[in-house]
Amino acid sequence: MEEHDYVYQLRPLIIPGLIFLILYPLIVGGIHAFSKLPALELRVLIGIYVISGLGIITLWVVGKSKRIIINGNQIVFRSLLGERILEPKDIRRVAFYFDDKGQEIAQIRTSEDLYYVSEFYFPFPELMSDLEIFIEQYDIRSNLSRYAN
């Protein structure tokens, strides 16, 4: 199996944050213009805005670095927070299921940790196909039916 690299999509996470960063000063500025806010309340609201902005930037940087790499004998989860390499012997079970919104999620269980692969990774259909091939190739336990006709 050749190596494939899948990146984390940021649009569903960042777009609402950017809308917040645009609308928040307009709303707070409008409230302040019509009814003068006390200095303490205005500083608290500005602090909330700055902390939110820093949080969105942090989310963007960490999300931009997230990737899954599937090569012949490993699944590598990589981000700024570190790199986790899973080999077939480390994986106890892989479960595929759907969440409340109908999105497919794969749960990879090792002896110590759980890893989740969702539709936030691009391209997701190819990632699921590679994951299924990896499961079959190394005979890893999963909830996929092995002999479906």
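Mentor: Before we start, a residue is buried if its relative accessible area is under 20%, exposed if over 50%, and partly exposed in between (1.4 Å probe, protein chains only). This is a predicted model, where local features need pLDDT of at least 70 and side-chain atom pairs 80 or more, while totals for chains, interfaces and linings use all residues. Residues are numbered from 1 along each chain as its sequence is written, and side-chain values use heavy atoms, with hydrogens and water left out.

Trainee: Okay, what percentage of the 149 residues of the chain count as buried?

Mentor: Take the 149 residues of the chain and apply that cut-off. The share that counts as buried is 32%.

Trainee: In what order do the elements run from the N terminus?

Mentor: Helices (H or I, at least four residues) and strands (E, at least two) are DSSP runs, numbered from the N terminus. The chain has three helices and eight strands. From the N terminus on, they come as β-α-α-β-β-β-β-β-β-β-α.

Trainee: Is the chain more spread out or less spread out than a compact globule?

Mentor: The radius of gyration is taken over C-alpha atoms, and the globule rule is 2.2 Å times the number of residues to the power 0.38. For 149 residues that rule gives 15 Å, and the chain's radius is 21 Å, well over it. The C-alpha atoms fill a box of roughly 70 × 30 × 25 Å along the principal axes.

Trainee: Now the rings: what kind of pair do tyrosine 8 and tyrosine 121 make?

Mentor: Rings of Phe, Tyr and Trp (its six-membered ring) pair if their centres lie within 6.5 Å; planes under 30 degrees apart are stacked, over 60 edge-to-face, and the rest tilted. The whole structure has six aromatic pairs. Here the centres are 5.0 Å apart and the planes sit at 75 degrees, so the pair of tyrosine 8 and tyrosine 121 is edge-to-face.

Trainee: How many residues apart are those two in the chain?

Mentor: Tyrosine 8 is in strand E1 (residues 4–8), and tyrosine 121 is in strand E8 (residues 121–122). Tyrosine 8 is buried at 16% relative accessibility, and tyrosine 121 is buried at 4%. The pair links distant parts of the chain, and the separation is 113 residues.

Trainee: And what kind of pair are phenylalanine 77 and tyrosine 115?

Mentor: Phenylalanine 77 lies in strand E3 (residues 75–79) and tyrosine 115 in strand E7 (residues 114–117), so the pair ties together parts 38 residues apart in sequence. Phenylalanine 77 is buried at 10% relative accessible area, and tyrosine 115 is buried at 10%. Their ring centres are 4.9 Å apart with planes at 15 degrees, so the pair is stacked.
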